[in-house]
Amino acid sequence: MEKPILVVGGGPAGLAAAHALGGLGRQCILVEKEDRLGGAPILSGYHKLVPSGEYAKDAIGGMVERVIANENVTVHTSSTVSRFEGEPGRFSVDIEGGGTVEVESAILCTGFTHFDALNKPEWGFGTYPDVVSTTQVEQMMSSGQGIRCPSDGRKPKRVAILLCVGSRDRQIGREWCSKICCTVSANMAMEIREELPDCHVYIYYMDIRTFGLYETKFYWRSQEEFKVKYIKARIAEVTSDGERLIVKGEDTLVKRPITIPFDMVVHAIGMDPNVDNARIAQTFGVQLERHGYIGEGHSYGALGHTSRPGVYVAGSATGPETIDDSIAQGTAAAMSAVARHSSAA
Amino acid sequence: MPIHEKSLIRPENILSHEKLEVDGVDVSGHWSTFIQDRVVTDYNENMEDEIAALPGGEHIHRCWQCGSCTNACTVNALNPDFNPRYWIYLIRQGMESELLRDKDIIWQCVSCHKCTHVCPRDVVPEGVMKATAHWLELKGHRPKSHSMIFDEVFSEQVFETGKIEDGRVIRGFFKRTGQALTQDWMVEMVKKVVSKLPVSLMTRMGMSALIRPRTRHWGPAREAIREYVDEQKQRERAALGLNELVAQAAAEARSAGAKQESSHV
């Protein structure tokens, strides 16, 4: 008899993998550490997703409902995997609150952790209340509260979005590009301009990576329709004159130092490896790649291989990833897992 | 200097003093050189709208910074500091202080319109240059250019009389620009004209210089033109926020005057 397949993590990749497995008529056990499914878009309260513009609670919420309704999928929330042993085709797994089960294979969809901007103290996060992260702004919008300065609740007249906070920064050991923050920031800038037409939004960048088709829909549209200003600069420090925030740095196109006052500064925070990756790697016996994400094999044979046969990986567990690609990878990893064991049987 | 070779320190920002003492320390001479602050401390968020409100600047928002204008530019070939693309960038970002560094060369545009023809976005950079030069004058960053003064003398006369009398235009222009009326080339030209011109024509020219002819029934046209020109000027001043500035200055002057009077009492 076919054994179930284990999916670890209930974000976009895990939901896609569980849905694919259930749809193929395979039993799937989905284990989620938090008390509900949905992953970062739901747990961190994202507002509208890029590039679709759909509300996270509708789009990802729909994926959650679909998985919960799938009779082939058994969901364990507030639960983790404490032991994982055996061979491909017959792994023995201890699930907290779910007892010991035997599974054929496992797909790790354990995601990422938002960069904590406290690790970039010179940019004022944690020092000045009006320095916020993109996640906080998402929450301001998704909660219906609107864009307000946390210090006194006023509507900002001028907002700076700093890109690459916790990305492409060798100084703090984050050498990677988090891939989607440029697009998210361009989208956020447009949303701010839409809500507060009198508020000017400046994006400070070293390079803009609104890759692929996002160039039209986000990069150019934000400038041409929404008058968002992009300033190529290196930011040295975010400080305060007692009334407003002061962004200090160098405008590298104009080649002059800048000290510009702002009401609100938004850190476009990057994607760190999941803080639990060391433990996850140990439990599942997989290797991490050099940055601390879960190492992934070449894609030419099948997608989503880890260093351990029978254990697959998908989504932002492998490195910074978009929601759409996480969903694609979750589906592909499910296919890899099913195909391997179908041919082996 | 080509923009990628731009030095961080502009020559005009380097200061050295023959004799200077600061807090009792002698800092005279070349070994103690000071460099003026070059920090950008704010953006002028109205700048693009202001330029767009002036004739020629209407399409500045279309620019996507391809650089075709600068590449095609006649003046840029002679002076690499003349960079329309860069100025459009500065205006759109509101970097007024950086634009003002080039205030003394922006007027040099020769209106050859090569940029107009190569621009893929129909920005009409030539128009933007014109609007920017105009903006610099209206804001008081530049004195009125000679060509502006000529335009004024010329158009005032047309508005007034409906005719152009060359001699009067030239006299007015020389007077307002502080130039001598009898310049060598002028004397030479008049001599030659006089020696070649038929007597009847000479007489007519002489007469028009004296009696200042007008177009018949010009009055209503003059009023209409004046009204239109005033309207346009008023609109430009409003767009640049100059009326508020003038009102503010007047109010300040009044209150200062009142204070002075009261102190006399």
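Author: A residue is buried if 20 or more other C-beta atoms lie within 10 Å of its own, exposed if 12 or fewer, and partly exposed in between, with C-beta atoms placed from the backbone. Helices (H or I, at least four residues) and strands (E, at least two) are DSSP runs, numbered from the N terminus. What you have above is a predicted model: local features need pLDDT of at least 70, side-chain atom pairs count only at pLDDT 80 or more, and totals for chains, interfaces and linings use all residues. Residues are numbered from 1 along each chain as its sequence is written, while chains are lettered from A and ligands numbered from 1 in the order in which they are written.

Reader: OK, helix H10 of chain B then. How many of its 13 residues are buried?

Author: Start with its length: H10(B) covers residues 184–196, and its end C-alpha atoms sit 19 Å apart, in agreement with the 18 Å that its 13 residues should span at 1.5 Å a residue. (The expected span is 1.5 Å times one less than the number of residues.) As for cover, H10(B) is hardly covered, and the buried count is zero.

Reader: And H7(B)? How many of its 14 residues are buried?

Author: H7(B) runs over residues 125–138 and reaches 19 Å from its first C-alpha to its last, close to the 20 Å expected. Its buried residues include Pro125(B), Met129(B), His134(B) and Trp135(B). H7(B) is mostly covered, with a buried count of eleven.

Reader: What follows it? Which residue takes a positive phi just after H7(B)?

Author: The helix itself ends at residue 138. Just after H7(B), a phi of about 80° belongs to Gly140(B).

Reader: How do H8(B) and H9(B) pack: left-handed or right-handed crossing?

Author: The axes of H8 (residues 146–161) and H9 (residues 166–176) of chain B come within 9 Å and cross at roughly 140°; axes are lines fitted to C-alpha atoms, for helices over the stretch in contact, and angles run from 0 to 180 degrees between N-to-C directions. That makes H8(B) oblique to H9(B), given that under 35 degrees counts as roughly parallel, over 145 as roughly antiparallel, 65 to 115 as roughly perpendicular and the rest as oblique. Among the residues meeting there are Phe150(B) and Phe154(B) from H8(B), and Val169(B) and Phe173(B) from H9(B). A crossing is left-handed if the near helix is turned anticlockwise from the far one by less than a right angle, and right-handed if clockwise; this one is right-handed.

Reader: How far apart in space are Glu160(B) and Arg204(B), C-alpha to C-alpha?

Author: Glu160(B) lies in helix H8 of chain B. With 14 C-beta neighbours inside 10 Å, Glu160(B) counts as partly exposed. It is 44 residues from Arg204(B) in sequence, and in space the gap is 20 Å.

Reader: What about domains? How far apart are the C-alpha centres of domain 1 and domain 3 of chain B?

Author: Domain bounds come from an automatic or database domain assignment. For chain B it gives domain 1 (8–35), domain 2 (47–138) and domain 3 (146–183 + 196–211). The centres of domain 1 and domain 3 of chain B are separated by 51 Å.

Reader: Over to chain A. How many residues does domain 2 of chain A put into the contact with domain 1 of chain A?

Author: Chain A splits into domain 1 (5–111 + 274–344) and domain 2 (114–271). Their C-alpha centres are 31 Å apart. Domain 1 of chain A gives twelve residues to the contact, and domain 2 of chain A gives 20.

Key. Contact = placed C-beta atoms within 7 Å.
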